[in-house]
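Please look over the notes below with the model open beside you. They take up helix packing and then aromatic rings.

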Amino acid sequence: MTLDTDDEILNDFLIEASEILDALGEQLVQLERTPDDKDLLNSVFRSFHTIKGGAGFLNLENLVKICHRAEDVFNLLRQGQRRADSNLMDIILQVLDVLNRMFDELRSGQEPEPAPDHLLAALEPLTYPEGEEPAHLSPPPAAAPAEPAEPTPAPSPPMPPVETADGDITDEEFEALLDAMQEGKDNKQPGNGAGTSPVASPAEATQQGGDEITDAEFEQLLDELQGKGASAGGQSAAPAAASGQDELISEDEFENLLDQLHGKGQAPQPQKPTGGETVKEESRAASPPASKPTSTGEAAPPEAPAPTQAKAAPAETSVRVDTKRLDDIMNLVGELVLVRNRLATLRSRMKDEQVSKAVTNLDVVTADLQAAVMKTRMQPIKKVFGRFPRVVRDLARTLKKEINLELEGEDTDLDKNLVEALADPLVHLVRNAVDHGIESPEERQAAGKARAGRVVLSANQEGDHILLTISDDGKGMDPDVLRGKAVEKGMMDEDAAARLTDHDAFNLIFRAGFSTKTEISDVSGRGVGMDVVKTRIAQLNGRVEITSAPGQGSTLSIRLPLTLAILPTLMVVLGKQRFALPLANVSEIFDLDLSRTNRVDDQEVIMVRNRSLPLYYLRRWLVSGDAPAGEGVGHVVVVFAGNQRVGFVVDSLIGQEEVVIKPLGNVLHGVPGLAGATITGDGGIALILDVPGLLKSYARRL
């Protein structure tokens, strides 16, 4: 069945459920470590309960079924009738995977497919207390029908009265009430001959109709909870057994039950009855005595005065906004930034004090507006970090390793586009740390380490950049082993490998097809992954650095800009054309006597701090028919492309400028080395350079 993806209720449910599922992955892994954490058990139970409730309202039966089974399991866990061990958590984590699959189907407009039968079968025994044989798995032999016995309903669970300041029922009371209704349904046996009143109460309707409650029944229940037909009587609620006739709770008993929940006389004023309700309300109000002796002989307190009007609910402080609207607002702010840059250029030419003050004020307001809009696009990186406890947990069980994952700086904010783009690269890096870095428990013990390895994933903001680190206390990397692998795989000869510094040797792991694994597995060892990581991070204008020490562990550091919406650049000139280099790729700038360069393997290089630096003339690549003479003094911009460090020779430097990336037209679309275009402060057009693309397309052609 196809669903309406524009349905507002469905979309709200998807948003709320997605947040719950994101948190569940981390909570379940933590619960495996601390199975006696009552707060955590209750939180997980409420998560499944909430998803089940929303799915039931939308008639998503397959989703309700799997959530109901999981809810039953956690109900036993929080009551202490079962314990969350690794085998149980394996099954529950499979449930989480199925739920994520179902919600993917919902987002695509399709009704979710049912959960696998083997998973439901694995869940079934877990819904019974530990050590008890599920009765329905071995059904008793059929017996001759007998005369119906007098029903003996189970007593309702005790629910002490809770008085609230405004008379409203709390979430806990409402859930307890629903649990009581459900328990009454579970205890009901066929053939009781229970009679019902012409107008069934919501409790009765729920018992008769199964787990599902209709809209009309739900509205009626809310009416009774909030005051319509609220009992003024003071008698305690009697269980259904008191009548001796049926197990269904009567309307009067239901009203008395509400009195217990609210505290006597604490419900809001009842609405004015109409028609046939008048007689019922009057007779019910007249039936209770004025006071009733208590067990100690003291008179019950007098009737409470009519409750005052309920307090007004607090105003909404947040609103959900479609991300496309945020992108549109950000684009408009980008246009405003371009206008500001243009006015700043005109200000210096006009030399008018009043105009200068106005432009200065506009500059301040634009900067504040830009910062405010950027904050609306920011998301905590916890959205990415939250998936890694599950990744590490499953991987450790597969590899038979013991690993503790530590997350730091989860509240660090990052542009939402970067948050989404970082997910896959970080998964590769964390899996690599677990598989390559951390040794087996036996190897760690032999080396004098703790059996459990340690992986730390951290994030923090440094100026207009964010620093992500993935570190482990494993065996580290041996640069000599890496050099030998490079020679063995034919990537370089022995002399070239010997000239590599330790830092360069570590960077070999980012070469396509490079792997130190001797055995191929489903986890790693196929020579793929790390080169994809380097390419992806370079596309985000970031760079990766590696430090490692044999026997002590490794650390990978990733530096990324906070946002990709507005790009800080270095404006340079080639011939008569302006170009913009992303500032995130720029390392340093210096002047150079171009006659003092050297050539190594037909590549022009210069020595910078005793390290050779490849040198490229951008005019040879980007300005047609205009090659430099290679003499005099030139400006060298040292840039990073992933882990590669090179020098670009440019004709002149203009300075730093914030730009907004505009797509290229049809003529330039697809030209390698160009990321887009922008409008400069003087109204001209500058092309934004893609440093990794430039090197990939042109560097080998010289």
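1. In this predicted model, α11 and α12 run roughly antiparallel to each other, because their axes cross at roughly 160° and angles over 145 degrees count as roughly antiparallel. Helix α11 covers residues 323-350 and helix α12 covers residues 353-376. Their axes come within 9 Å. The crossing of α11 past α12 is left-handed. The contact of α11 with α12 involves 16 nonpolar, five polar and three charged residues.

2. Five aromatic pairs turn up in a search of the whole structure. In one, F13 and F103, the ring centres are 5.6 Å apart and the planes lie at 45°, so the pair is tilted. F13 belongs to helix α1 (residues 8-33) and F103 to helix α4 (residues 86-107). F13 is buried, at 8% relative accessible area. F103 is buried too, at 0%.

3. W621 and Y698 have ring centres 5.5 Å apart and planes at 20°, so this pair is stacked. Here too distant parts of the chain are linked: W621 sits in helix α21 (residues 618-622), Y698 in helix α22 (residues 691-698), 77 residues apart. Both W621 and Y698 are buried. They also belong to one aromatic cluster, together with Y616 and F648.

4. Which residue lies over the face of F45? R78 does, at 3.6 Å from the ring centre. The ring of F640 has the charged end of R543 over it, 4.6 Å from the ring's centre.

How values were computed: Residues numbered from 1 in each chain as written. Predicted model: local features only at pLDDT ≥ 70, side-chain atom pairs only at ≥ 80, totals over all residues. Heavy atoms only, no water. Axes fitted to C-alpha atoms, helices over the stretch in contact; angles between N-to-C directions. Helix = DSSP H or I, 4+ residues; strand = E, 2+ residues; numbered from the N terminus. Parallel < 35°, antiparallel > 145°, perpendicular 65-115°, else oblique. Left-handed = near helix turned anticlockwise from the far one by under 90°. Nonpolar A, V, L, I, M, F, W, Y, C, P; charged D, E, K, R; others polar. Phe/Tyr/Trp six-rings, centres within 6.5 Å; stacked < 30°, edge-to-face > 60°. Buried < 20%, exposed > 50% of the residue type's maximum accessible area, 1.4 Å probe, protein only. Lys NZ or Arg CZ within 6 Å of the ring centre and 35° of its normal.
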